[in-house]
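Here is a short briefing to read alongside the coordinates. Have the viewer open and follow along topic by topic.

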Amino acid sequence: SLREEILKLIARCILYSRHGGGTYVSDQLGSSFADPLHDLLSAHVEFLYDQLEFRDALESLSAYYAAHR
């Protein structure tokens, strides 16, 4: 529900609430806001190895085309 999601955002310090005054967006979003995709990917143990494998493949291909040209 909407109320549950608002409570989650308050717990992450993205929103703050004043009793009887409403709910507001925090001024310190930069320090507490994390990229959801990063959170999802970093939850997997093999993510670092996948990143390294991708980088190796990309750099090898880039070096090949640079040498070819």
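In which sense do strand 1 and strand 2 pair, and over how many bridges? Strand 1 (residues 15–18) and strand 2 (residues 22–25) run antiparallel and are joined over 4 bridges. Please keep in mind that this is a predicted model.

**Overall fold**
- The protein chain holds 4 helices and 2 strands, arranged along the sequence as α-β-β-α-α-α.
- With a radius of gyration of 21 Å, well over the 11 Å from the globule rule for 69 residues, the protein chain is more spread out than a compact globule.
- The C-alpha trace spans about 70 × 25 × 20 Å along its principal axes.

**The hairpin**
- Ser-17 has Thr-23 of strand 2 as its bridge partner.
- Between the strands of this hairpin lie 3 residues, and Gly-20 adopts a positive phi near 75 degrees.
- Arg-18 places its charged end over the ring of Tyr-24, 5.0 Å from the ring centre.

**Aromatic pairs**
- Searching the whole structure gives 2 aromatic pairs.
- One of them joins Tyr-64 and Tyr-65 in an edge-to-face arrangement, with 5.2 Å centre to centre and 65 degrees between the planes.
- Tyr-64 is partly exposed at 49% relative accessible area, and Tyr-65 is also partly exposed, at 38%.

**Surface**
- Of the 69 residues in the protein chain, 4% are buried.
- The accessible surface of the protein chain is about 6,400 Å², and carbon and sulfur atoms account for 60% of that surface.

Methods. Residues numbered from 1 in each chain as written. Predicted model: local features only at pLDDT ≥ 70, side-chain atom pairs only at ≥ 80, totals over all residues. Heavy atoms only, no water. Phe/Tyr/Trp six-rings, centres within 6.5 Å; stacked < 30°, edge-to-face > 60°. Buried < 20%, exposed > 50% of the residue type's maximum accessible area, 1.4 Å probe, protein only. Lys NZ or Arg CZ within 6 Å of the ring centre and 35° of its normal. Pairing = 2+ DSSP bridges. Rg over C-alpha atoms; globule rule 2.2 N^0.38 Å. Areas by Shrake-Rupley, 256 points an atom, 1.4 Å probe, with all protein chains shown as cover.
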